[in-house]
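Dear colleague,

I am passing on the model that we talked about, and below it you will find notes on what turned up when it was examined. Please keep the structure open beside you as you read.

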Amino acid sequence: CIPVYNGTNYLAQAIENVLSQSFEDFELLIANDCSTDGTQEIIDRYAAQDKRIVSWINEKNLRLFGNYNRCIERAQGEYIKLFAHDDHLSRDAVARMYDVFCRQPEVSLVTCSKRWIDADNKEIEKVVRFKEDVCLKSDDVILANLICLNNWIGEPAAVMFRKAHAGSGFDTELYNWGDLDYWFQILQHGNMYVIHDVLCSFRLHAESSTSASLAGLYFAADIVRMYRKWGHYLTMLGETEEHFFKRASERIALHVSYLEREKGLTFPAVREANTNRQEQFNFETVADFRVALFHAERRVSSLMQELIETRNELEHRANECKELRAAIDVMENSVSWKVTQPLRAVRSKM
């Protein structure tokens, strides 16, 4: 499944990448999300050459997760392999993931290690989380991601799953964590298998620069929604809602700091951002931001109180140190201390 919007720069590479897979028994669905460039011409050219390609133009713009859902709805295969028009798969990626499903019927989702590449396909970084292939219980995977507040399962192009477990698809009300939420849905049906080898590459390029603003704007609201949907897993461990949002507030702050430091995110960029073709926040998004802001303000207040208490404690200790230093000065200037100095010198060598 390849959802695409204005993908002329990389779409041809992606299609050729898929058509050259060592596993050949597949259909390639390409959903054109009302592109305004030459995307359709590229699709038509390849569709005329390979009958495995099924393509269409959406009647209206569905955005990324909605477009993935349209692909999943129309898919006829037993397995679903998601892809992105600007990413890359190793030649045996589909074959190896398919082999896992054939060997392990209890697995509902397969993912793999990945690498980040630049606009010229040069490697930026590898992300390998496990030393070898591993099968993980679904509950452990869900809890680990909720505790870390991070999607280490992977982006859509890293994942393959059974069509029987596709369910209703991605939650289009989520922005950054729509993929993680969907993986959790699929993992309700079975375990997750991680292939240690790097089988996919994700591209970082100028066209994706707005993603920093998107993450900065929507990350907080997504955390609120994810807790509402999946917080019961943490409740089973004994974590309260208050404790979760304490962690979440710190995670949001660290995330924004990272975006500023590493991605060049600025306040004007956040204020003016209109990414993912999102015209405005809906009522639920605004409500979720209010919840996130409430917990963030509570955490800031708590941290300020902790800082005040720490400062008072340091001042108290400083006064104690002054008093101790004065007592030491009195002792060192006493006659008895001076008289016993030779004895102390001998004893230190015993």
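D329 and R325 both sit in helix α10, which spans residues 283-332, and they are 4 residues apart, about one turn of the helix; helices (DSSP runs of H or I, at least four residues) and strands (runs of E, at least two) are numbered from the N terminus. Their side chains meet in a salt bridge with 3.2 Å from N to O, where a salt bridge is a side-chain nitrogen of Lys or Arg within 4 Å of a carboxyl oxygen of Asp or Glu. D329 has a relative accessible area of 34% and so counts as partly exposed, and R325 is likewise partly exposed because its value is 41%. In these terms buried means under 20% relative accessible area, exposed over 50%, and partly exposed in between, with a 1.4 Å probe and protein chains only.

Please bear in mind that this is a predicted model, in which local features need a pLDDT of at least 70 and side-chain atom pairs count only at pLDDT 80 or more, while totals for chains, interfaces and linings use all residues. Residues are numbered from 1 along each chain as its sequence is written, and side-chain values use heavy atoms, with hydrogens and water left out.

By the rule given above, the salt bridges come to 12. Another of them joins D181 to K229, whose closest N and O atoms are 3.0 Å apart, and this pair links distant parts of the chain, since D181 belongs to helix α6 and K229 to helix α7, 48 residues apart. D181 is buried, with a relative accessible area of 0%, whereas K229 at 33% counts as partly exposed. E123 and R115 also form a salt bridge, with the closest N and O atoms 2.9 Å apart; E123 is partly exposed at 42%, and R115 is partly exposed at 22%.

As for the chain as a whole, it has 12 helices and 10 strands, and 43% of its 350 residues count as buried. Which residues touch the most other members of the largest nonpolar core? They are L82, I153, F161, W183 and M192, out of 49 residues in that core, a nonpolar core being a set of buried Ala, Val, Leu, Ile, Met, Phe, Trp, Tyr and Cys residues joined through side-chain atoms within 4.5 Å. Among the elements that give two or more residues to this core are β2 (28-32), α3 (63-74), α6 (178-186) and α7 (211-237), and α7 provides the largest share, with 9 residues. Apart from this core lies another of 32 residues, among them A12, F101, V110 and F202.

W183 is in contact (heavy atoms within 4.5 Å) with residues that include L82, I153, F161 and F170, leaving aside its neighbours within four places in sequence. H165 lies in the loop between β9 (160-162) and α6, and it is buried, with a relative accessible area of 16%. Not counting residues up to four places away in sequence, H165 touches S108, I186 and H189.

The second largest pocket has a volume of about 470 Å³. On a 1 Å grid over the protein atoms alone, a pocket is an open set of points where a 1.4 Å probe fits, with protein on both sides within 12 Å along at least five of seven lines, and its lining residues have an atom within 4 Å of a point. Of the 21 residues that line this pocket, F23, D25, F26, E27 and Y79 are the closest to its centre, and β4 gives the most to the lining, with 3 residues.

Finally, two backbone angles deserve a look. Most residues other than glycine have a negative phi. L149, although not a glycine, has a positive phi of about 50 degrees; it lies in the loop between α5 and β9 and is buried, with a relative accessible area of 2%. N6, which is also not a glycine, has a positive phi near 50 degrees, and its place is in the loop between β1 and α1, where N6 is partly exposed at 24%.

With best wishes

Conventions: Points joined across faces, edges and corners; volume = space filled by probe spheres on them.
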